[in-house]
Amino acid sequence: MNILPEVIGNMNKEEIRNFKLFINRTEKATERKDEQLFDFIRKQFPEYNEDKILKKLYNSEDKNALYRLKNRLFEDIGKSLTLHYYDANEYNIILNYLFLSRLFQSKGQAPTAYYYLNKAFRKANENEHLDWLDIIYGEFIKLSHETLEINPEEYIQKRKDNRSKLNKIQEIDDILAALIYRIKVSQNFAKQNTEILDLLQKTVNDFAKSKDVKNSPVLRFKIYQSVSRILLQQQDYKSLEKYLLKTFDEFSKEKLFNKYNHDTKLQMLTYLINSLFKNKKIDLSLAYAVKLKLAMVEFNMQLHDKYLFYYYNSLVINYSVKNIDKAIEILHEAKDNASIKKLPIYNVFVYLNLAVLNFDKKNFKESLKHLVKPMMQDAFKHLDEAWHLKLAVFELMIRYELNDFDYLEHKSERIRKDYSALLKKEEYVRQKQMVLVIDKMVKSDGIKKNKQLLKEINALLDGIMLNSSSDTDIINYSDWLKMKVS
């Protein structure tokens with residue numbers, strides 16, 4: 001694998017800016033070959049034509065100079081990223097303090113090494129990073145050879161106590177690693193007659209060496225986090241529902257929920273509401289939405305605002321099936337809520353939901369109004385490019401219903417140009433085909449008269465039915481196309 005294009009092609013604006021500053025930190029040359037290579041790869045990504053860049057940089061068939069340049073560029077990118085992220089998180093900060101401690105130890109400056117080692121210790125101890133503490137205690141013991149300021153016996157005992165805790169945590173991590181692997185290789189539980197709860201219990205029994213670990217709340221919460229995310233990723237909502245119902249009931253009865261893990265309780269309720277909705281259990285999903293609302297006021301409402309949007313969303317998704325007018329009413333209430341207004345990105349999603357529900361009600365002018373409004377807000381820019389593409393396709397569908405054909409011809413061409421890189425990817429084939437089909441629908445005298453167009457629409461419908469990821473689309477393409485050909 002040619003790793004350099006992958007690294008460069010996936011760098012964000014800040015990383016690119018930092019790299020340019022890094023390589024030009026000394027006197028800037030008029031034409032830097034490493035910068036030229038960097039820009040060439042970035043602009044061409046995901047394509048990479050080595051012969052073309054070789055000719056541009058060296059005008060030679062000998063690739064040795066280019067290989068040396070690539071290696072140097074790769075090293076410099078690594079250095080610039082290391083500098084850029086040296087304090088991005090606790091892991092990096094501790095690592096940096098340890099590096100400085102070892103650096104000064106190698107220079108024979110024990111007091112300075114001790115100073116940085118203490119900073120690493122305080123940061124690791126602050127959040128119980130037991131794996132880091134094990135290394136840091138070892139560094140204290142090693143440094144004690146060079147200074148009387150450190151009593152090694154104190155740190156030897158601390159390392160023993162820490163390792164006792166660390167062994168339990170590592171045992172939990174071993175169980176999780178085995179569990180995650182078994183879930184991934186099982187893929188679809190129903191097909192293999194493998195029950196998720198049985199798999200959980202068997203994995204814990206196979207790998208737990210002590211009863212303390214087996215019954216540990218830490219383990220159980222970690223298992224919940226891992227299993228729920230895997231099942232969500234696999235879109236296995238039936239297994240997720242069954243697992244969450246049992247786990248939430250057990251945690252509640254055993255009084256494992258408290259002030260410090262309250263976030264997890266609210267998250268679990270949110271996942272449960274969504275999985276029940278996906279499994280078409282609307283009334284039960286709404287019943288758990290009531291439980292979510294009650295839980296949000298616990299502990300002096302400390303997490304109320306964080307989960308308010310998810311509560312509104314749980315009502316909207318269910319009432320969009322049960323009572324669409326009530327869903328729209330709830331969205332208008334959410335739109336005017338002060339806490340929702342504080343987070344503009346939530347406001348964007350409220351408007352998008354209003355656009356979708358009005359589209360379903362065939363209120364196309366109202367739908368367009370709600371779709372256009374968030375596009376003018378700053379928060380809209382922070383949505384990723386895939387969201388922008390899906391919203392652009394949704395706008396084509398609304399404009400088609402409004403017979404805005406002049407706009408459509410211009411817009412579909414613009415989408416193909418603006419999202420050309422994205423539309424080449426397999427996961428966006430539905431969006432690509434929708435743009436092409438709508439463009440042909442606009443230019444056709446009549447869909448039902450055009451046999452070739454009907455054939456393409458039916459092929460797209462078959463593809464959507466086969467592709468389970470189509471439920472991530474903003475609007476249901478399948479239902480809309482079926483109405484057009486029926």
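Author: Two residues are in contact when they have heavy atoms within 4.5 Å of each other. This is a predicted model, in which local features need pLDDT of at least 70 and side-chain atom pairs count only at pLDDT 80 or more, while totals for chains, interfaces and linings use all residues. Residues are numbered from 1 along each chain as its sequence is written, and side-chain values use heavy atoms, with hydrogens and water left out.

Reader: How many helices does the protein have?

Author: Helices (DSSP runs of H or I, at least four residues) and strands (DSSP runs of E, at least two) are numbered from the N terminus. The C-alpha atoms of the protein fill a box of roughly 90 × 75 × 50 Å, taken along the principal axes. The protein has 0 strands, and its number of helices is 27.

Reader: Which helix has the highest mean pLDDT among the elements?

Author: The predictor's confidence in each residue is given by pLDDT, which runs from 0 to 100. Its mean over the protein is 86, and 92% of the residues reach 70 or more. Among the elements, the lowest mean, 68, belongs to helix α11 (residues 211-214), whereas the highest, 97, belongs to helix α15 (residues 282-296).

Reader: Over which residues does pLDDT stay under 50?

Author: Where pLDDT is low, the predicted coordinates should not be read in detail. The model has 12 contacts beyond four places in sequence for the stretch where pLDDT stays under 50, which is residues 187-194.

Reader: What share of the residues in the protein is buried?

Author: A residue is buried under 20% relative accessible area, exposed over 50%, and partly exposed in between (1.4 Å probe, protein chains only). The protein has 486 residues, and the buried share is 45%.

Reader: Which element gives the most to the largest nonpolar core?

Author: A nonpolar core is a set of buried Ala, Val, Leu, Ile, Met, Phe, Trp, Tyr and Cys residues joined through side-chain atoms within 4.5 Å. The largest one has 53 residues, and I223 and L244 have the most contacts inside it. Among the elements that give two or more residues to this core are α9 (152-186), α12 (217-233) and α13 (237-253). With 8 residues, the element that gives the most is α17.

Reader: Which residues does L244 touch, not counting residues up to four places away in sequence?

Author: L244 is one of the residues with the most contacts inside the largest nonpolar core. Residues up to four places away in sequence being left out, L244 touches Y224, M268, Y271, L272 and S275.

Reader: How many residues does the second, separate core have?

Author: This core includes M397, L423, I447 and I474. It is separate, and its number of residues is 43.

Reader: How many residues apart in sequence are the parts that E139 and R102 tie together?

Author: A salt bridge is a side-chain nitrogen of Lys or Arg within 4 Å of a carboxyl oxygen of Asp or Glu, and the structure holds 31 of them. In one of these, the closest N and O atoms of E139 and R102 are 2.7 Å apart. Because E139 lies in helix α8 (residues 130-143) and R102 in helix α6 (residues 90-106), the pair ties together parts whose separation in sequence is 37 residues. E139 counts as buried at 4% relative accessibility, whereas R102 is partly exposed at 47%, and the separation asked for is 37 residues.

Reader: Are E401 and K484 buried or exposed?

Author: E401 and K484 form a salt bridge with their closest N and O atoms 2.8 Å apart. The pair links distant parts of the chain, 83 residues apart, with E401 in helix α22 (residues 385-401) and K484 in helix α27 (residues 477-485). K484 has 19% relative accessibility, and both E401 and K484 are buried.

Reader: How many residues of α22 are buried?

Author: Helix α22 reaches 25 Å from its first C-alpha to its last, close to the 24 Å expected at 1.5 Å a residue; the expected span is 1.5 Å times one less than the number of residues. The helix is largely enclosed by the rest of the structure, because of its 17 residues the number buried is 15.

Reader: In which helix does K440 lie?

Author: The side chains of E456 and K440 meet in a salt bridge of 2.8 Å, N to O. The pair ties together parts that are 16 residues apart in sequence, because E456 lies in helix α26 (residues 451-466) and K440 in helix α25.
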